[in-house]
Amino acid sequence: MQHDIYIYLLLMSAMTLAIRILPLVLIRGEIRNTFLRSFLYYVPYVTLAVMTFPSMVEATKSPLSGTAALLVGLGLAWRGASLFCVAATCCIIVFVTELFL
Amino acid sequence: MQVNPLEKSRSQVFYEGVHDGIPIALGYFVVSFTLGIAAKNAGLSPFQGFLASLFNNASAGEFAGFSVIAADAPYLEILLITLVANARYMLMSCALSQRMRPGTSLWHRIFVGFDVTDELFGISIARHGLLDPFYCYGAYSVALPGWAFGTLFGVIAGNVLPAMLVSALSVALYGMFLWIIIPPAKRDSIILRLVAVSFAASFLLTHASFAAGISFGTRTILLTVLIAGAGALLFPIKEKKEADHAA
């Protein structure tokens, strides 16, 4: 470990707080640039999708249980289940699947 | 001072926020517990995990940050990955700025901005009319401790748990990500296509031999800029849309 964890945390927190606070403090009008607005609108979905797959399948002891949790989680989220329901069911699916592997 | 009988007092609004924030705090505690496991694996102490969650309250952002710390990557990488993973809060903060009473003080703007998350943004934007900062403070006062202490206990207890339980809990965060991206993808076919392309491209870059040297953080930044940029070029948004969903 060459880097200091506290410096990592300081940089990370400063960036997060700047992202959250600066628009509220600085922006009084509306963002009108279409490209920028569209880009910002799509960013969260792309980022989270990239971070979810294939990482989710590889996070568990067996890729089979991760895949099962991914499919069930996709289905539940599609049907509009709550945050707690989706997250908890994914965990249960992994646990139960790995009981039989 | 004249009090308008129709206007709620600060403490009333604050308690409404607390009320709406409690279910969020419970969900946060569970999810951030698993985040604590990731923090522990990245080499963070319980106190460091607590600090990270107190000042970030961002599942994807913190998770990405911990992966950078685990890799002992350059400091610049944690700035970039945090920027990319949390960029959506900038949009939400923009949306909230449109709902502040004109003349709201700088400090109220700073404190409301302090804890803009998917869920807290969701309940704030769902309120009618102008946003009272004290509603946010009420919700934050339960949600933020739920998140920070969940992480703390995750770092402490994560490795005491049996391996099978840790394996099961490790997908909770991904479940939360699915919960964020899938409902909007169902409503908007462009988002659905972008999510599908992102899954495919991410899989390809993870396993293709030509991309073997690319880290998780760099891959996330690269694909986000490319795919969201292409989306914005090909499918520009004409009307105003909100990047939220009912929390």
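1. In which loop of chain A is the place of A:Pro54? A:Pro54 sits in the loop that joins helix H2 (34-52) to helix H3 (55-59) of chain A. The model is a predicted one. In it, the peptide bond that runs from A:Phe53 to A:Pro54 is cis, and its omega is near 5°.

2. A:Ile93 belongs to helix H5 of chain A, residues 83-99. With 24 other C-beta atoms within 10 Å, A:Ile93 is buried, because 20 or more are needed for that label. Apart from neighbours within four places in sequence, the contacts of A:Ile93 are A:Ala68, A:Ala69 and A:Val72. A:Gly73 is 20 residues away from A:Ile93 along the chain, and their C-alpha atoms are separated by 9.3 Å.

3. The two chains touch each other through 61 residues of chain A and 81 residues of chain B. On the side of chain A, the elements that give two or more residues are helix H1 (5-26), H2, H3, helix H4 (63-78) and H5. H2(A) gives the most, with 18 residues. Sorted by class, the residues on this side of chain A are 45 nonpolar, twelve polar and four charged.

4. Chain B has two loop residues to check for their backbone angles. B:Asn57 has a phi near 35°, which is positive in a residue other than glycine. B:Asn57 is found in the loop between helix H2 (46-56) and helix H3 (59-70) of chain B. B:Asn57 counts as buried because it has 27 C-beta neighbours inside 10 Å.

5. Is B:Asp72 buried or partly exposed? B:Asp72 has 13 other C-beta atoms within 10 Å and is therefore partly exposed.

6. Helix H4 of chain B covers residues 75-85, and its buried residues are B:Glu77, B:Ile78, B:Ile81, B:Thr82, B:Val84 and B:Ala85. Viewed down the axis of H4(B), these residues fall within an arc of 165°, so they line one face of the helix.

7. Helix H1 of chain B (residues 10-41) and H3(B) have axes that come within 9 Å and cross at roughly 15°. The two helices are therefore roughly parallel to each other, and their crossing is left-handed. H1(B) makes the contact with B:Val31, B:Leu35, B:Ala38, B:Ala39 and B:Asn41, and H3(B) with B:Ser59, B:Glu62, B:Phe63, B:Phe66 and B:Ala70. This contact of H1(B) with H3(B) has seven nonpolar, two polar and one charged residues.

8. How do helix H10 and helix H11 of chain B pack, and at what angle? H10(B) spans residues 172-187 and H11(B) spans residues 189-207; the angle is about 130° and the axes are 5 Å apart. H10(B) and H11(B) are therefore oblique to each other. The crossing in which H10(B) passes H11(B) is left-handed. B:Ile181, B:Pro184 and B:Ala185 of H10(B) make the contact with B:Ile191, B:Leu192 and B:Val195 of H11(B). The residues in the contact of H10(B) with H11(B) are six nonpolar, no polar and no charged.

Key: Residues are numbered from 1 along each chain as its sequence is written. Chains are lettered from A and ligands numbered from 1 in the order in which they are written. This is a predicted model: local features need pLDDT of at least 70, side-chain atom pairs count only at pLDDT 80 or more; totals for chains, interfaces and linings use all residues. A residue is buried if 20 or more other C-beta atoms lie within 10 Å of its own, exposed if 12 or fewer, and partly exposed in between; C-beta atoms are placed from the backbone. Helices (H or I, at least four residues) and strands (E, at least two) are DSSP runs, numbered from the N terminus. The arc is that of the directions from the helix axis to the C-beta atoms. Axes are lines fitted to C-alpha atoms, for helices over the stretch in contact, and angles run from 0 to 180 degrees between N-to-C directions. Angles under 35 degrees count as roughly parallel, over 145 as roughly antiparallel, 65 to 115 as roughly perpendicular and the rest as oblique. A crossing is left-handed if the near helix is turned anticlockwise from the far one by less than a right angle, and right-handed if clockwise. Two residues are in contact if their C-beta atoms, placed from the backbone, lie within 7 Å. Ala, Val, Leu, Ile, Met, Phe, Trp, Tyr, Cys and Pro count as nonpolar, Asp, Glu, Lys and Arg as charged, and the others, Gly among them, as polar.
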